[in-house]
Amino acid sequence: MPYKNEMASKISHERIVNLTEVAEKLKKFRVVYDCPEEKLNSVSALFKPIEILKEDIQDIRYVFTVDSSQYDLPINDMIPSAKVGIVTFGGLVVDLQERNELRNNGFVDPLRFNDLYESSFMVFVTPSHNVITIDAERPMDNIQSIRWEIYRFLKKSPFKEISYLETLNTLLKEGDPQEIAEFNCPNPDCNQRIEWDLVNNDPSAVIPCPNCGEPVYLSDWLRLDEAMDFEFGTGSILTRFSQVVEHLTVLNFIQHMLQITILKRALSKTAFLIDGPLAIYGEPARLHRYILRYLYRIQQELNEPLIYFGLQKSGRIKDHFTLIEERAEKQGMAIIPNSFFLVDDDYRFRYIQRRPSSNKYFGQDVLYGQDFAFYSKDKKKYVISVLYPTEKKNDESYKKIFDAKFYPTLPTIFHLLNELQTDIYEDAVLPVALAHKYAAVSLNPGTKILELFVRQHTRT
Ligand SMILES: [Zn+2]
(Lines give C-alpha, C1' and ligand atoms only; values in the text may rest on other atoms or scores of the structure.)
Protein backbone atom coordinates (compact mmCIF):
# COMPACT_ATOMS: atom_id res chain seq x y z
CA MET A 1 0.00 0.00 0.00
CA PRO A 2 1.44 3.38 -0.89
CA TYR A 3 1.51 6.05 1.78
CA LYS A 4 -1.06 8.80 1.67
CA ASN A 5 1.40 11.34 0.24
CA GLU A 6 2.70 8.90 -2.30
CA MET A 7 -0.85 8.29 -3.48
CA ALA A 8 -1.55 12.01 -3.72
CA SER A 9 1.60 12.61 -5.72
CA LYS A 10 0.79 9.71 -8.04
CA ILE A 11 -2.65 11.14 -8.71
CA SER A 12 -1.31 14.62 -9.40
CA HIS A 13 1.39 13.10 -11.62
CA GLU A 14 -1.25 11.31 -13.71
CA ARG A 15 -3.38 14.44 -13.88
CA ILE A 16 -0.50 16.48 -15.32
CA VAL A 17 0.49 13.84 -17.87
CA ASN A 18 -3.14 13.66 -19.05
CA LEU A 19 -3.39 17.37 -19.71
CA THR A 20 -3.90 17.65 -23.47
CA GLU A 21 -1.05 20.06 -23.94
CA VAL A 22 1.41 17.87 -22.04
CA ALA A 23 0.20 14.64 -23.67
CA GLU A 24 0.63 16.16 -27.15
CA LYS A 25 4.09 17.39 -26.34
CA LEU A 26 5.21 14.03 -24.89
CA LYS A 27 4.48 12.37 -28.23
CA LYS A 28 7.11 14.59 -29.78
CA PHE A 29 9.93 13.60 -27.47
CA ARG A 30 12.29 10.68 -27.82
CA VAL A 31 14.79 9.19 -25.40
CA VAL A 32 18.29 9.77 -26.82
CA TYR A 33 20.28 7.03 -25.14
CA ASP A 34 18.40 3.79 -25.18
CA CYS A 35 18.87 0.24 -26.27
CA PRO A 36 16.85 -0.08 -29.49
CA GLU A 37 14.73 -3.24 -29.68
CA GLU A 38 15.83 -4.09 -33.20
CA LYS A 39 19.49 -4.02 -32.18
CA LEU A 40 18.92 -6.24 -29.21
CA ASN A 41 20.17 -9.26 -31.06
CA SER A 42 23.60 -7.77 -31.40
CA VAL A 43 23.42 -6.11 -27.99
CA SER A 44 22.87 -9.34 -26.11
CA ALA A 45 25.63 -10.83 -28.23
CA LEU A 46 27.94 -8.31 -26.58
CA PHE A 47 28.03 -10.47 -23.50
CA LYS A 48 30.91 -12.88 -23.80
CA PRO A 49 30.59 -16.14 -21.92
CA ILE A 50 33.54 -16.86 -19.68
CA GLU A 51 34.62 -20.24 -18.51
CA ILE A 52 36.02 -19.84 -15.04
CA LEU A 53 38.79 -22.40 -14.82
CA LYS A 54 40.55 -23.29 -11.62
CA GLU A 55 43.97 -22.62 -13.09
CA ASP A 56 42.92 -19.09 -14.06
CA ILE A 57 41.82 -17.94 -10.64
CA GLN A 58 43.72 -16.73 -7.62
CA ASP A 59 42.69 -18.29 -4.35
CA ILE A 60 41.16 -15.36 -2.48
CA ARG A 61 40.88 -15.69 1.25
CA TYR A 62 40.29 -12.11 2.47
CA VAL A 63 38.19 -9.21 1.35
CA PHE A 64 39.24 -5.77 2.54
CA THR A 65 36.65 -3.04 2.30
CA VAL A 66 36.08 0.49 3.59
CA ASP A 67 33.01 2.68 3.60
CA SER A 68 31.95 5.99 5.06
CA SER A 69 28.95 8.01 6.19
CA GLN A 70 28.64 11.77 6.19
CA TYR A 71 26.70 14.18 8.35
CA ASP A 72 26.20 17.91 8.04
CA LEU A 73 24.89 19.24 11.36
CA PRO A 74 24.08 22.68 12.79
CA ILE A 75 26.33 23.47 15.75
CA ASN A 76 23.33 24.74 17.73
CA ASP A 77 19.61 25.34 17.18
CA MET A 78 19.82 29.12 17.30
CA ILE A 79 22.11 29.58 14.28
CA PRO A 80 21.15 26.86 11.80
CA SER A 81 23.58 28.19 9.20
CA ALA A 82 26.56 27.49 11.47
CA LYS A 83 27.43 23.90 10.65
CA VAL A 84 29.93 21.17 11.29
CA GLY A 85 30.68 18.36 8.90
CA ILE A 86 31.34 14.83 10.17
CA VAL A 87 32.53 11.75 8.30
CA THR A 88 32.82 8.36 9.95
CA PHE A 89 34.81 5.60 8.30
CA GLY A 90 34.07 1.94 8.86
CA GLY A 91 35.63 -1.11 7.36
CA LEU A 92 36.05 -4.81 7.50
CA VAL A 93 38.46 -7.56 6.72
CA VAL A 94 36.39 -10.60 5.87
CA ASP A 95 37.86 -14.08 6.13
CA LEU A 96 36.18 -16.17 3.45
CA GLN A 97 37.46 -19.42 4.91
CA GLU A 98 35.83 -18.97 8.28
CA ARG A 99 32.14 -19.02 8.87
CA ASN A 100 30.54 -16.27 10.86
CA GLU A 101 30.69 -17.02 14.58
CA LEU A 102 27.86 -14.62 15.24
CA ARG A 103 25.43 -17.18 13.95
CA ASN A 104 23.35 -19.02 16.46
CA ASN A 105 20.90 -21.65 15.22
CA GLY A 106 21.26 -20.12 11.81
CA PHE A 107 20.49 -16.58 12.95
CA VAL A 108 22.91 -13.72 13.20
CA ASP A 109 23.00 -12.07 16.63
CA PRO A 110 21.91 -8.52 15.72
CA LEU A 111 23.57 -6.83 18.70
CA ARG A 112 26.94 -8.40 18.13
CA PHE A 113 26.59 -7.82 14.42
CA ASN A 114 25.91 -4.11 14.95
CA ASP A 115 28.94 -3.87 17.22
CA LEU A 116 31.02 -5.39 14.49
CA TYR A 117 29.67 -3.44 11.60
CA GLU A 118 28.67 -0.08 12.96
CA SER A 119 31.85 0.78 14.78
CA SER A 120 33.80 3.44 12.97
CA PHE A 121 37.55 3.33 13.03
CA MET A 122 38.24 6.90 11.95
CA VAL A 123 36.16 10.02 12.49
CA PHE A 124 36.64 13.36 10.76
CA VAL A 125 35.05 16.49 12.21
CA THR A 126 35.41 19.82 10.47
CA PRO A 127 33.98 23.28 10.90
CA SER A 128 31.86 24.22 7.94
CA HIS A 129 29.95 27.32 6.98
CA ASN A 130 30.17 30.09 9.58
CA VAL A 131 32.32 28.08 12.05
CA ILE A 132 36.04 28.29 12.81
CA THR A 133 38.49 26.25 14.87
CA ILE A 134 39.74 27.99 18.02
CA ASP A 135 42.30 25.47 19.26
CA ALA A 136 44.87 26.20 16.55
CA GLU A 137 48.11 28.05 17.32
CA ARG A 138 46.95 31.13 15.46
CA PRO A 139 43.63 32.75 14.58
CA MET A 140 42.11 31.10 11.52
CA ASP A 141 39.33 31.94 9.13
CA ASN A 142 36.82 29.39 7.94
CA ILE A 143 38.87 27.93 5.06
CA GLN A 144 42.06 27.89 7.12
CA SER A 145 40.18 25.99 9.83
CA ILE A 146 38.95 23.40 7.33
CA ARG A 147 42.45 22.96 5.87
CA TRP A 148 43.85 22.57 9.38
CA GLU A 149 41.30 19.87 10.27
CA ILE A 150 41.97 18.00 7.01
CA TYR A 151 45.70 18.17 7.77
CA ARG A 152 45.22 16.95 11.35
CA PHE A 153 43.09 14.03 10.17
CA LEU A 154 45.51 12.99 7.42
CA LYS A 155 48.41 13.11 9.89
CA LYS A 156 46.86 10.09 11.59
CA SER A 157 47.75 6.48 10.87
CA PRO A 158 44.71 4.27 10.32
CA PHE A 159 46.71 1.10 11.07
CA LYS A 160 49.20 2.49 13.57
CA GLU A 161 52.36 3.07 11.55
CA ILE A 162 51.95 4.73 8.19
CA SER A 163 50.03 8.00 8.19
CA TYR A 164 47.66 9.08 5.44
CA LEU A 165 50.11 11.89 4.60
CA GLU A 166 52.91 9.34 4.19
CA THR A 167 50.66 7.37 1.84
CA LEU A 168 49.96 10.55 -0.13
CA ASN A 169 53.70 11.35 -0.18
CA THR A 170 54.46 7.86 -1.57
CA LEU A 171 51.79 8.23 -4.25
CA LEU A 172 53.01 11.68 -5.31
CA LYS A 173 56.49 10.27 -5.90
CA GLU A 174 54.95 8.51 -8.89
CA GLY A 175 54.76 11.92 -10.55
CA ASP A 176 57.08 13.61 -12.95
CA PRO A 177 59.34 14.96 -11.47
CA GLN A 178 59.39 12.29 -8.80
CA GLU A 179 60.91 14.39 -6.06
CA ILE A 180 58.68 17.46 -6.15
CA ALA A 181 54.94 17.94 -5.74
CA GLU A 182 53.74 21.20 -7.23
CA PHE A 183 50.59 23.05 -6.25
CA ASN A 184 49.34 26.58 -5.70
CA CYS A 185 49.63 28.35 -2.38
CA PRO A 186 46.26 27.75 -0.63
CA ASN A 187 46.00 31.46 0.23
CA PRO A 188 43.52 32.73 -2.41
CA ASP A 189 45.28 36.13 -2.49
CA CYS A 190 48.66 34.60 -3.30
CA ASN A 191 49.74 33.13 -6.62
CA GLN A 192 52.91 31.45 -5.40
CA ARG A 193 53.67 28.02 -6.85
CA ILE A 194 54.63 25.71 -3.98
CA GLU A 195 57.32 23.14 -4.73
CA TRP A 196 57.04 20.52 -2.04
CA ASP A 197 60.17 18.39 -1.57
CA LEU A 198 58.83 14.82 -1.36
CA VAL A 199 62.22 13.36 -0.47
CA ASN A 200 63.49 15.65 2.28
CA ASN A 201 60.33 17.12 3.80
CA ASP A 202 58.55 15.24 6.54
CA PRO A 203 55.10 14.55 4.99
CA SER A 204 53.50 16.04 8.11
CA ALA A 205 55.66 19.19 8.05
CA VAL A 206 54.09 22.65 8.05
CA ILE A 207 56.04 24.89 5.70
CA PRO A 208 55.44 28.64 5.27
CA CYS A 209 54.71 29.88 1.76
CA PRO A 210 57.89 31.70 0.53
CA ASN A 211 55.73 34.56 -0.75
CA CYS A 212 52.95 35.20 1.81
CA GLY A 213 54.01 33.10 4.81
CA GLU A 214 50.76 31.10 4.91
CA PRO A 215 51.44 27.72 6.61
CA VAL A 216 51.22 25.08 3.88
CA TYR A 217 50.53 21.35 4.38
CA LEU A 218 51.11 18.48 1.95
CA SER A 219 47.35 17.84 2.19
CA ASP A 220 46.82 21.18 0.39
CA TRP A 221 47.89 19.34 -2.77
CA LEU A 222 44.43 17.70 -2.70
CA ARG A 223 42.69 21.12 -2.92
CA LEU A 224 39.79 19.75 -0.88
CA ASP A 225 39.11 23.13 0.72
CA GLU A 226 38.18 24.44 -2.74
CA ALA A 227 35.15 22.14 -2.65
CA MET A 228 33.71 24.24 0.18
CA ASP A 229 30.49 25.81 -0.98
CA PHE A 230 29.56 28.88 1.01
CA GLU A 231 25.96 28.80 -0.18
CA PHE A 232 25.19 25.13 0.30
CA GLY A 233 27.45 24.01 3.12
CA THR A 234 29.76 21.03 3.44
CA GLY A 235 28.03 18.45 1.20
CA SER A 236 30.53 18.65 -1.60
CA ILE A 237 33.66 18.89 0.52
CA LEU A 238 32.60 15.92 2.67
CA THR A 239 31.85 13.82 -0.42
CA ARG A 240 35.25 14.61 -1.94
CA PHE A 241 37.02 14.06 1.37
CA SER A 242 35.41 10.69 2.12
CA GLN A 243 36.10 9.44 -1.40
CA VAL A 244 39.80 10.34 -1.19
CA VAL A 245 40.15 8.87 2.30
CA GLU A 246 38.40 5.61 1.32
CA HIS A 247 40.94 5.13 -1.50
CA LEU A 248 43.86 6.25 0.69
CA THR A 249 42.83 3.79 3.42
CA VAL A 250 42.95 0.84 1.02
CA LEU A 251 46.31 2.04 -0.36
CA ASN A 252 47.62 2.61 3.17
CA PHE A 253 46.68 -0.98 4.06
CA ILE A 254 48.45 -2.26 0.94
CA GLN A 255 51.55 -0.29 1.98
CA HIS A 256 51.45 -1.93 5.40
CA MET A 257 51.17 -5.34 3.81
CA LEU A 258 54.14 -4.61 1.56
CA GLN A 259 56.28 -3.79 4.59
CA ILE A 260 55.68 -7.04 6.46
CA THR A 261 57.01 -10.13 4.71
CA ILE A 262 54.28 -12.48 5.79
CA LEU A 263 51.57 -10.02 4.81
CA LYS A 264 53.23 -9.38 1.50
CA ARG A 265 52.53 -13.01 0.73
CA ALA A 266 48.88 -12.49 1.70
CA LEU A 267 48.48 -9.72 -0.89
CA SER A 268 47.65 -12.18 -3.64
CA LYS A 269 45.03 -13.79 -1.38
CA THR A 270 43.30 -10.51 -0.64
CA ALA A 271 40.63 -8.74 -2.66
CA PHE A 272 40.50 -4.97 -2.21
CA LEU A 273 37.02 -3.74 -2.73
CA ILE A 274 36.15 -0.09 -3.29
CA ASP A 275 32.60 1.14 -2.85
CA GLY A 276 31.85 2.73 -6.24
CA PRO A 277 33.95 3.18 -9.38
CA LEU A 278 37.74 3.38 -9.33
CA ALA A 279 37.73 7.13 -9.71
CA ILE A 280 38.64 10.31 -7.89
CA TYR A 281 36.24 13.13 -8.72
CA GLY A 282 36.37 16.88 -8.33
CA GLU A 283 39.21 18.96 -6.92
CA PRO A 284 41.54 16.07 -5.98
CA ALA A 285 40.82 14.19 -9.27
CA ARG A 286 44.40 14.25 -10.55
CA LEU A 287 45.36 11.87 -7.71
CA HIS A 288 43.83 9.03 -9.76
CA ARG A 289 46.80 9.07 -12.16
CA TYR A 290 49.26 8.64 -9.29
CA ILE A 291 47.23 5.78 -7.81
CA LEU A 292 47.18 4.06 -11.21
CA ARG A 293 50.94 4.38 -11.62
CA TYR A 294 51.62 3.26 -8.04
CA LEU A 295 49.44 0.15 -8.31
CA TYR A 296 50.88 -0.66 -11.73
CA ARG A 297 54.41 -0.45 -10.35
CA ILE A 298 53.82 -2.61 -7.28
CA GLN A 299 52.13 -5.27 -9.42
CA GLN A 300 55.23 -5.30 -11.59
CA GLU A 301 57.42 -5.64 -8.52
CA LEU A 302 55.29 -8.38 -7.00
CA ASN A 303 54.99 -10.04 -10.39
CA GLU A 304 51.33 -10.78 -9.77
CA PRO A 305 48.13 -8.84 -10.29
CA LEU A 306 46.26 -7.26 -7.41
CA ILE A 307 42.60 -8.07 -7.05
CA TYR A 308 41.50 -4.46 -6.74
CA PHE A 309 38.09 -3.41 -7.99
CA GLY A 310 35.11 -1.18 -7.37
CA LEU A 311 31.52 -2.32 -7.13
CA GLN A 312 28.82 0.04 -8.41
CA LYS A 313 25.41 -0.48 -6.91
CA SER A 314 23.69 2.11 -9.05
CA GLY A 315 24.27 4.37 -12.01
CA ARG A 316 23.73 4.52 -15.75
CA ILE A 317 25.36 1.21 -16.61
CA LYS A 318 23.39 -0.60 -13.94
CA ASP A 319 20.16 0.92 -15.35
CA HIS A 320 21.19 0.05 -18.89
CA PHE A 321 22.04 -3.50 -17.85
CA THR A 322 18.56 -3.90 -16.33
CA LEU A 323 17.02 -2.55 -19.55
CA ILE A 324 18.94 -5.03 -21.73
CA GLU A 325 18.01 -7.92 -19.46
CA GLU A 326 14.29 -7.03 -19.51
CA ARG A 327 14.11 -6.37 -23.25
CA ALA A 328 16.05 -9.52 -24.06
CA GLU A 329 13.74 -11.60 -21.91
CA LYS A 330 10.67 -10.07 -23.55
CA GLN A 331 12.01 -11.07 -26.94
CA GLY A 332 12.61 -14.60 -25.78
CA MET A 333 16.37 -14.23 -25.72
CA ALA A 334 18.39 -14.30 -22.59
CA ILE A 335 21.83 -13.20 -21.56
CA ILE A 336 23.91 -16.28 -20.85
CA PRO A 337 24.85 -16.72 -17.20
CA ASN A 338 28.57 -16.34 -16.47
CA SER A 339 29.08 -13.81 -19.21
CA PHE A 340 30.50 -10.32 -19.21
CA PHE A 341 30.59 -7.20 -21.27
CA LEU A 342 33.35 -4.58 -21.34
CA VAL A 343 31.59 -1.22 -21.71
CA ASP A 344 33.92 0.59 -24.12
CA ASP A 345 33.44 4.21 -25.14
CA ASP A 346 32.08 3.28 -28.55
CA TYR A 347 29.13 1.51 -26.99
CA ARG A 348 28.80 3.92 -24.08
CA PHE A 349 28.48 7.02 -26.25
CA ARG A 350 26.07 5.32 -28.64
CA TYR A 351 23.66 3.76 -26.18
CA ILE A 352 24.26 5.06 -22.67
CA GLN A 353 25.39 8.64 -22.46
CA ARG A 354 26.69 11.66 -24.32
CA ARG A 355 30.33 11.99 -25.28
CA PRO A 356 31.97 14.67 -23.10
CA SER A 357 32.68 17.87 -25.00
CA SER A 358 36.12 18.47 -23.53
CA ASN A 359 37.59 14.96 -23.49
CA LYS A 360 38.15 12.22 -26.01
CA TYR A 361 37.62 9.37 -23.55
CA PHE A 362 35.05 8.74 -20.88
CA GLY A 363 36.35 9.53 -17.38
CA GLN A 364 39.66 10.70 -18.81
CA ASP A 365 40.28 13.03 -15.85
CA VAL A 366 38.94 10.83 -13.07
CA LEU A 367 38.90 7.08 -13.76
CA TYR A 368 41.55 4.46 -13.11
CA GLY A 369 39.29 1.46 -13.63
CA GLN A 370 37.29 0.09 -16.56
CA ASP A 371 33.56 -0.67 -16.28
CA PHE A 372 32.45 -4.23 -16.85
CA ALA A 373 28.95 -5.65 -16.63
CA PHE A 374 28.95 -9.19 -15.29
CA TYR A 375 25.95 -11.53 -15.46
CA SER A 376 26.66 -14.09 -12.79
CA LYS A 377 26.03 -17.82 -12.79
CA ASP A 378 22.83 -17.13 -10.79
CA LYS A 379 21.75 -14.33 -13.17
CA LYS A 380 22.68 -11.51 -10.83
CA LYS A 381 23.80 -8.26 -12.38
CA TYR A 382 27.05 -6.65 -11.29
CA VAL A 383 28.70 -3.50 -12.54
CA ILE A 384 32.33 -3.46 -11.56
CA SER A 385 35.25 -1.16 -12.15
CA VAL A 386 38.48 -3.10 -12.70
CA LEU A 387 41.94 -1.55 -12.34
CA TYR A 388 43.27 -0.42 -15.73
CA PRO A 389 46.01 -2.77 -17.02
CA THR A 390 48.21 0.19 -17.97
CA GLU A 391 50.53 2.62 -16.25
CA LYS A 392 49.43 5.74 -18.08
CA LYS A 393 46.42 6.93 -20.00
CA ASN A 394 47.08 7.82 -23.63
CA ASP A 395 45.73 6.78 -27.04
CA GLU A 396 47.97 3.73 -27.06
CA SER A 397 46.97 2.54 -23.58
CA TYR A 398 43.25 3.00 -24.25
CA LYS A 399 43.54 0.23 -26.86
CA LYS A 400 44.56 -2.07 -23.99
CA ILE A 401 42.01 -0.58 -21.60
CA PHE A 402 39.17 -1.47 -24.01
CA ASP A 403 40.41 -5.02 -24.62
CA ALA A 404 39.29 -7.65 -22.11
CA LYS A 405 42.28 -9.88 -22.78
CA PHE A 406 44.51 -7.48 -20.83
CA TYR A 407 42.60 -8.07 -17.58
CA PRO A 408 44.04 -11.26 -16.09
CA THR A 409 42.08 -10.77 -12.85
CA LEU A 410 38.62 -11.11 -14.42
CA PRO A 411 38.18 -14.85 -13.74
CA THR A 412 39.14 -14.34 -10.08
CA ILE A 413 36.80 -11.38 -9.65
CA PHE A 414 33.90 -13.14 -11.38
CA HIS A 415 34.51 -16.30 -9.38
CA LEU A 416 34.53 -14.25 -6.18
CA LEU A 417 31.23 -12.58 -7.10
CA ASN A 418 29.74 -15.97 -7.98
CA GLU A 419 30.82 -17.35 -4.64
CA LEU A 420 29.62 -14.41 -2.61
CA GLN A 421 26.41 -13.65 -4.38
CA THR A 422 24.11 -16.01 -2.54
CA ASP A 423 24.02 -13.42 0.23
CA ILE A 424 24.03 -10.24 -1.77
CA TYR A 425 20.56 -9.14 -2.55
CA GLU A 426 19.84 -6.06 -4.63
CA ASP A 427 20.91 -2.85 -2.92
CA ALA A 428 22.59 -4.65 -0.02
CA VAL A 429 25.76 -3.03 1.19
CA LEU A 430 28.39 -5.57 0.27
CA PRO A 431 30.38 -5.49 3.54
CA VAL A 432 27.18 -6.06 5.49
CA ALA A 433 26.23 -8.97 3.26
CA LEU A 434 29.71 -10.46 3.63
CA ALA A 435 29.81 -10.05 7.39
CA HIS A 436 26.51 -11.90 7.66
CA LYS A 437 28.11 -15.01 6.29
CA TYR A 438 31.81 -14.94 7.04
CA ALA A 439 34.03 -14.17 9.99
CA ALA A 440 34.93 -10.51 9.84
CA VAL A 441 37.27 -8.24 11.72
CA SER A 442 36.04 -4.72 12.09
CA LEU A 443 38.57 -1.94 11.61
CA ASN A 444 38.28 -0.60 15.15
CA PRO A 445 40.65 1.91 16.66
CA GLY A 446 41.26 -0.61 19.46
CA THR A 447 41.73 -3.58 17.16
CA LYS A 448 45.23 -4.37 16.17
CA ILE A 449 44.05 -5.26 12.73
CA LEU A 450 47.43 -6.06 11.29
CA GLU A 451 48.34 -8.38 14.15
CA LEU A 452 45.03 -10.14 13.76
CA PHE A 453 45.57 -10.42 10.07
CA VAL A 454 49.06 -11.85 10.61
CA ARG A 455 47.78 -14.33 13.16
CA GLN A 456 44.97 -15.51 10.91
CA HIS A 457 47.29 -15.79 8.00
CA THR A 458 50.00 -17.71 9.84
CA ARG A 459 47.48 -20.26 11.06
CA THR A 460 47.20 -21.73 7.60
ZN1 LIG B 1 51.36 32.19 -0.47
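This is a predicted model: local features need pLDDT of at least 70, side-chain atom pairs count only at pLDDT 80 or more; totals for chains, interfaces and linings use all residues.

Student: What makes up the protein chain in terms of helices and strands, and how much of it is buried?

Tutor: The protein chain has 15 helices and 16 strands. Of its 460 residues, 33% are buried. Among contacts between residues at least 6 apart in sequence, 72% join residues at least 24 apart.

Student: How do you know whether Arg223 is buried, exposed or partly exposed?

Tutor: Burial requires 20 or more other C-beta atoms within 10 Å, and exposure requires 12 or fewer. Arg223 has 19, so it is partly exposed. Its place is in the loop between β10 (215-216) and α7. Arg223 is a residue other than glycine, yet its phi is positive, near 55 degrees.

Student: What makes Asn303 exposed, and what is its phi?

Tutor: Asn303 has 7 other C-beta atoms within 10 Å, and so it is exposed. Its phi is positive, about 60 degrees, although Asn303 is not a glycine. Asn303 lies in the loop between α9 (287-302) and β12 (307-312).

Student: How do you know that Asp197 touches Glu179?

Tutor: Contact is judged by C-beta atoms, which must lie within 7 Å of each other. By that criterion Asp197 touches Glu179 and Ile180, not counting residues up to four places away in sequence. The C-alpha atoms of Asp197 and Glu179 are separated by 6.1 Å, although these residues are 18 apart along the chain. Asp197 lies in strand β8 (residues 193-197) and is exposed, because 11 other C-beta atoms lie within 10 Å.

Student: What makes one side of helix α10 its buried side?

Tutor: The buried residues of α10 are Ile317, His320, Phe321 and Ile324. They cover an arc of only 105 degrees around the axis, so they are on the same side of α10. An α-helix has 3.6 residues a turn, and therefore residues three or four places apart point the same way. The face turned away from the buried side of α10 carries exposed residues, among them Asp319, Glu326 and Lys330. Just after α10, Gly332 takes a positive phi of about 75 degrees.

Student: Why is helix α13 described as largely enclosed?

Tutor: Eight of the eleven residues of α13 (residues 410-420) are buried, and therefore the rest of the structure largely encloses this helix. Among these buried residues are Ile413, Phe414 and Leu417.

Student: What makes strand β14 mostly covered, and which strands pair with it?

Tutor: Seven of the seven residues of β14 (residues 369-375) are buried. Strand β13 (residues 339-342) is joined to β14 by four bridges and runs antiparallel to it. Strand β15 (residues 381-387) also pairs with β14 in the antiparallel sense, over seven bridges. At least two bridges are required for pairing. Within these pairs, Phe374 stands opposite Phe340 and opposite Tyr382 in β15.

Student: Which residues have the most contacts inside the largest nonpolar core?

Tutor: That core has 90 residues, and those with the most contacts inside it include Val94, Phe241, Ala373 and Phe374. Helix α7 (residues 235-259) gives the most to the core, with eleven residues. Leaving aside neighbours within four places in sequence, Ala373 is in contact with residues including Ile317, Phe321 and Phe340.

Terms used
Residues are numbered from 1 along each chain as its sequence is written. A nonpolar core is a set of buried Ala, Val, Leu, Ile, Met, Phe, Trp, Tyr and Cys residues joined through C-beta atoms within 7 Å. Helices (H or I, at least four residues) and strands (E, at least two) are DSSP runs, numbered from the N terminus. Two residues are in contact if their C-beta atoms, placed from the backbone, lie within 7 Å. The arc is that of the directions from the helix axis to the C-beta atoms.
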